[in-house]
Amino acid sequence: MEPAAPAVIDAGTGIATEEVSPAETAILQLKQAIWQQYQHVLDKTTPHVLPRWIGFSVVAFIYILRVYLLEGFYIVTYGLGIYILNLLIGFLSPQVDPAIADAADGPTLPIRASDEFRPFVRRLPEFKFWYSITVAFCIAIVMTFSSAFDIPVFWPILLFYWVVLFSLTMRRQISHMIKYRYVPFNFGKQHYQRKRASEEESTSLPVD
C-alpha cells in the first residue's frame with residue numbers, strides 16, 4: 001500500500017487538508033491550460049458576429065436533420081425549445097427592468113425625441129446568447145446518441161403547447177416593449193458622425 005499524503009494545516013482556516021500529489025497538480029495545470037486556450041479562442045471569435053451565427057446555423061441544421069432522420073427524441077427537442085425561448089426573452093429584455101427603474105429613479109429609457117439617447121443594454125448580451133444556444137444544440141446532438149432520451153411521445157401535442165407558450169410569451173414581451181417604448185435592436189436609433197459635427201463646428205466659427 002502507498003503511504004497516505006501528509007496532512008497540511010491551512011493557515012487561514014486551521015483545517016487539516018491533504019497535500020496535493022504531483023500527478024494531481026499536473027492534471028490541474030493541464031485542465032487550466034486547456035480552459036485558458038478555450039477562453040482565448042472564444043475571445044477571438046467575439047467580434048466575428050456573422051461567422052459565429054453561420055456556425056450555429058450549421059450545428060442547428062445537423063440536429064434538425066438528425067432528429068428528422070431518426071424520427072424521435074421529441075422530448076429533447078421540446079426541452080431545447082423551452083430553453084431557447086428563455087434565452088430569447090433575456091436577449092430581448094433590457095438589463096434593468098423599466099418598471100422597477102421608473103419607480104425608483106424615474107425613466108431610464110428615452111420616451112421623446114428630445115430626450116437624451118441611451119443605448120439599449122440587453123439582459124443577455126448577444127455573445128452569451130449565441131454561446132448558450134450553440135452549446136445547447138451541441139448537448140442535444142450528443143443526447144441523440146443515447147436511446148435513454150428517446151421517450152415515446154405524441155409530438156403534435158408538444159409542438160402545439162410550445163407554439164402556445166411562445167405566442168403568449170412574445171405577446172407579453174411586445175406589450176412590455178410598447179408600454180416602455182424601447183426597441184431591442186439598432187435600427188432607427190440615433191448615430192452621431194464626426195463629419196457632421198465638424199461641419200457644424202466650421203459653420204459656427206466667426207468669419208473675419
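This is a short tour of the side-chain contacts and surface of the structure above.

Before you start, note that the model is predicted: local features need pLDDT of at least 70, side-chain atom pairs count only at pLDDT 80 or more, and totals for chains, interfaces and linings use all residues. Residues are numbered from 1 along each chain as its sequence is written, and side-chain values use heavy atoms, with hydrogens and water left out.

**Stop 1: the salt bridge**

Select glutamate 126 and arginine 52, whose side chains meet in a salt bridge at 2.9 Å, N to O. They connect distant parts of the chain, 74 residues apart: glutamate 126 is in helix 5 (residues 126-143) and arginine 52 is in helix 2. A search of the whole structure finds one salt bridge, meaning a side-chain nitrogen of Lys or Arg within 4 Å of a carboxyl oxygen of Asp or Glu. Helices here are DSSP runs (H or I, at least four residues), numbered from the N terminus.

Now colour by accessibility. Arginine 52 counts as buried at 4% relative accessibility, whereas glutamate 126 is partly exposed at 22%. Buried means under 20% relative accessible area, exposed over 50%, and partly exposed in between (1.4 Å probe, protein chains only).

**Stop 2: tryptophan 130**

Tryptophan 130 is buried, with a relative accessible area of 11%.

Next, show phenylalanine 127, which forms a tilted aromatic pair with tryptophan 130, at 5.5 Å centre to centre and 40° between the planes. Both residues lie in helix 5, three residues apart, about one turn of the helix. Rings of Phe, Tyr and Trp (its six-membered ring) pair if their centres lie within 6.5 Å; planes under 30 degrees apart count as stacked, over 60 as edge-to-face and the rest as tilted.

**Stop 3: an aromatic cluster**

Select Trp53, Phe56, Tyr63, Phe91, Phe129 and Phe137 together; they form one aromatic cluster.

**Stop 4**

Finally, zoom in on valine 58, in helix 2 (residues 49-70). Valine 58 counts as partly exposed, at 46% relative accessibility.

Notes. Helix = DSSP H or I, 4+ residues; strand = E, 2+ residues; numbered from the N terminus.
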